[in-house]
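Here is a short report on one structure.

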Amino acid sequence: FTAISYWSMLPSMNDDHDIRKSYQWLEKAGLKDSTEALILAAQEQALNTRAIEAQIYHTRQDPRCRLCKEASETVQHITAGCKMLAGKAYMERHNQVASIVYRNICAEYGLEAPRSKWGTPPKVVENDRAKILWDFQIQTDKMVMANQPDIVVVDKEQRKAVVVDVAIPSDHNIRKKEHEKLEKYQGLREELEKAWKVKTTVVPVVIGALGAVTPKLEQWLKQIPGTTSDISVQKCAVLGTAKILRRTLKLPG
Ligand SMILES: [Zn+2]
């Protein structure tokens with residue numbers, strides 16, 4: 001099974017649990033064959049990027065990225081490292097994943113989420129059980145650097161808040177990114193506990209662009225109100241990546 005060799009080669013993928021979790025989307029997500037093949041090819045670096053053309057096939061192709069003309073055009077660059085894709089394509093993929101989590105939180109508290117899958121959630125929704133903030137800049141007494149996480153949910157009955165932030169880095173960066181996200185929001189967590197008098201937890205939701213996840217993802221998702229499966233967010237991230245690869249490399253499908 002080719003995916004196993006890929007995952008076991010990644011430095012961050014050094015135990016079986018990671019590997020099993022990271023290719024489960026292949027078995028369970030129900031992707032189209034062509035999408036599955038595309039992602040497997042991306043994992044194996046078997047896509048015709050400019051860097052591959054120049055280095056492996058020794059053509060005269062300029063190995064630099066066709067969009068930013070800066071970095072070498074590798075799968076890793078296109079799927080998570082190109083500044084020309086950051087503003088729109090990566091943002092769209094990120095927001096799709098975040099909105100799955102958001103909708104499940106809304107459902108848990110009987111709050112209405114946007115009808116369309118593509119609709120941007122309102123900044124604040126609230127009822128007597130909960131308040132949910134989407135991409136909301138939170139004012140705090142003490143200045144904190146990171147004060148605009150993707151989602152904040154306050155459970156009014158349990159007096160608990162959860163700060164959720166989503167990231168889709170390259171597969172080999174998932175552990176580092178998870179750690180970064182946790183650190184980044186500790187200041188906000190402390191300020192919220194003081195100002196709102198609620199027990200606050202920071203939850204990173206990090207999925208590699210080609211589907212890699214850390215063993216902790218399932219536990220993180222359990223800390224978020226509502227039910228979000230790891231497969232649903234993995235599938236969403238991978239579909240977003242497939243779209244980016246197809247558009248950038250002008251592949252069919
Ligand atoms: Zn680029």
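Gly 110, with a positive phi near 65°, follows helix 6. This is a predicted model, in which local features need pLDDT of at least 70, side-chain atom pairs count only at pLDDT 80 or more, and totals for chains, interfaces and linings use all residues. Residues are numbered from 1 along each chain as its sequence is written, and side-chain values use heavy atoms, without hydrogens and water.

Helix 6 has 27 residues. From first C-alpha to last it reaches 37 Å, close to the 39 Å expected at 1.5 Å a residue (1.5 Å times one less than the number of residues). Helices (H or I, at least four residues) and strands (E, at least two) are DSSP runs, numbered from the N terminus. At Ala 89, helix 6 bends by about 40° (the angle between axes fitted to the seven residues ending there and the seven starting there).

Which residues coordinate the zinc ion? They are Cys 65 (SG), Cys 68 (SG), His 77 (NE2) and Cys 82 (SG), at 2.1 to 2.3 Å. Donors are N, O and S atoms within 2.8 Å of the metal (3.2 Å for Na, K and Ca). Their sequence spacing is C-x2-C-x8-H-x4-C. The arrangement is tetrahedral because the four donor atoms subtend angles of 103 to 117° (all angles must lie between 85 and 135 degrees).

Now the pockets. A pocket is an open set of points on a 1 Å grid where a 1.4 Å probe fits, with protein on both sides within 12 Å along at least five of seven lines; lining residues have an atom within 4 Å of a point. A volume is the space filled by probe spheres set on the points.

| Largest | about 460 Å³ | Glu 92, Trp 118, Leu 239, Gly 240, Lys 243 |

Helix 6 and helix 10 (230-249) each give two or more residues to the lining of the largest pocket. Helix 10 gives the largest share, nine residues. In the second largest pocket, helix 6 gives the largest share, five residues.

Technical notes:
Four donors count as tetrahedral if all angles lie between 85 and 135 degrees; four count as square planar and six as octahedral if opposite donors are over 155 degrees apart and all others between 65 and 115; anything else is irregular.
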